[in-house]
Each structure stands twice: as C-alpha cells, then as structure tokens.
Amino acid sequence: MESHDAAHYLALIDKAQSYHDLVVLRSRFFNLLERTLTQEEYLAVKDRWNAKAKDETLPVAPPKAPSAD
C-alpha cells in the first residue's frame, strides 16, 4: 500500500466537489490517518475536513455527469 503524507489528504479534501465526496474520504481514510500521521498532522486534516463539511455552498451530492445522448 502506498503511503501518503498529510498534504496529500488535505489536497483530496480541497478537491471534494460535494459533501458526499467528503463522507467517502472520511470513511475510507480517517482510521488510517489517525494511525499513520502525527497527532498534529491528523488534527490538521480533521480540521480541514470539518471546515469544508460546514461550507454551506458545498452541494450535498456530486454534480451529475452530462448525459451521452
């Protein structure tokens, strides 16, 4: 398994296009992050996630892909 630093996960959070994307990131990575990052790095990622999750302009669902008619 490839190891990533905190900057990688912060970038994934920044790229999330919806709250759904954030939930997927949290469910897939947060247990791993808590075990592999320093406490300071983990808290920075968690704080960024929380800030983005509270963004009221962030849509709940990902944008729909254009149909291939």
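Buried means under 20% relative accessible area, exposed means over 50%, and partly exposed lies in between, using a 1.4 Å probe on protein chains only. By that rule, 25% of the 69 residues of the protein chain count as buried.

**Before you start.** This is a predicted model, where local features need pLDDT of at least 70, side-chain atom pairs count only at pLDDT 80 or more, and totals for chains, interfaces and linings use all residues. Residues are numbered from 1 along each chain as its sequence is written, and side-chain values use heavy atoms, with hydrogens and water left out.

**Stop 1: the whole chain.** Show the protein chain as a cartoon. Look for three helices and zero strands. Helices (H or I, at least four residues) and strands (E, at least two) are DSSP runs, numbered from the N terminus. Reading from the N terminus, the order is α-α-α. The C-alpha atoms fill a box of roughly 45 × 30 × 15 Å along the principal axes. Contact here means heavy atoms within 4.5 Å. Take the contacts between residues at least 6 apart in sequence: 71% of them join residues at least 24 apart.

**Stop 2: H1 against H2.** Select these two helices. Two packed helices are described by the angle between their axes and the distance between the axes. Axes are lines fitted to C-alpha atoms, for helices over the stretch in contact, and angles run from 0 to 180 degrees between N-to-C directions. H1 and H2 pack at about 165°, with axes 11 Å apart. H1 is therefore roughly antiparallel to H2. The cut-offs: under 35 degrees is roughly parallel, over 145 roughly antiparallel, 65 to 115 roughly perpendicular, and the rest oblique. Now show side chains. Tyr9, Leu12 and Ile13 of H1 meet Leu22, Leu25, Phe29, Leu32 and Leu33 of H2. The contact of H1 with H2 has eight nonpolar residues, no polar and no charged. Ala, Val, Leu, Ile, Met, Phe, Trp, Tyr, Cys and Pro count as nonpolar; Asp, Glu, Lys and Arg as charged; the others, Gly among them, as polar.

**Stop 3: H2 against H3.** The axes of H2 and H3 come within 11 Å and cross at roughly 165°. So H2 and H3 are roughly antiparallel to each other. On the H2 side, pick Tyr19, Leu22, Val23, Arg26, Phe30, Leu33 and Glu34. On the H3 side, pick Tyr42, Val45, Lys46, Trp49, Asn50, Lys52 and Ala53. This contact of H2 with H3 has nine nonpolar, one polar and four charged residues.

**Stop 4: the core.** A nonpolar core is a set of buried Ala, Val, Leu, Ile, Met, Phe, Trp, Tyr and Cys residues joined through side-chain atoms within 4.5 Å. The largest one has 15 residues. Select Ile13, Leu22, Phe30, Leu33, Leu37 and Val45, which touch the most other members. Helices H1 (6-15), H2 (19-36) and H3 (39-53) each give two or more residues to this core. H2 gives the most, with five.

Which residues does Val45 contact, leaving aside neighbours within four places in sequence? Val45 is in contact with Ala6, Tyr9, Leu10, Ile13, Phe30, Leu33 and Leu37.

Stop 5: Go to Ser18, in the loop between H1 and H2. Is Ser18 buried or exposed? Ser18 counts as buried, because its relative accessibility is 0%. Not counting residues up to four places away in sequence, Ser18 touches Leu58, Pro59, Val60, Ala61 and Pro62.

Finish at Ala7, in helix H1. At 48% relative accessibility, Ala7 counts as partly exposed. Draw a line between the C-alpha atoms of Ala7 and Glu41: they are 8.9 Å apart in space, and the residues are 34 apart in sequence.
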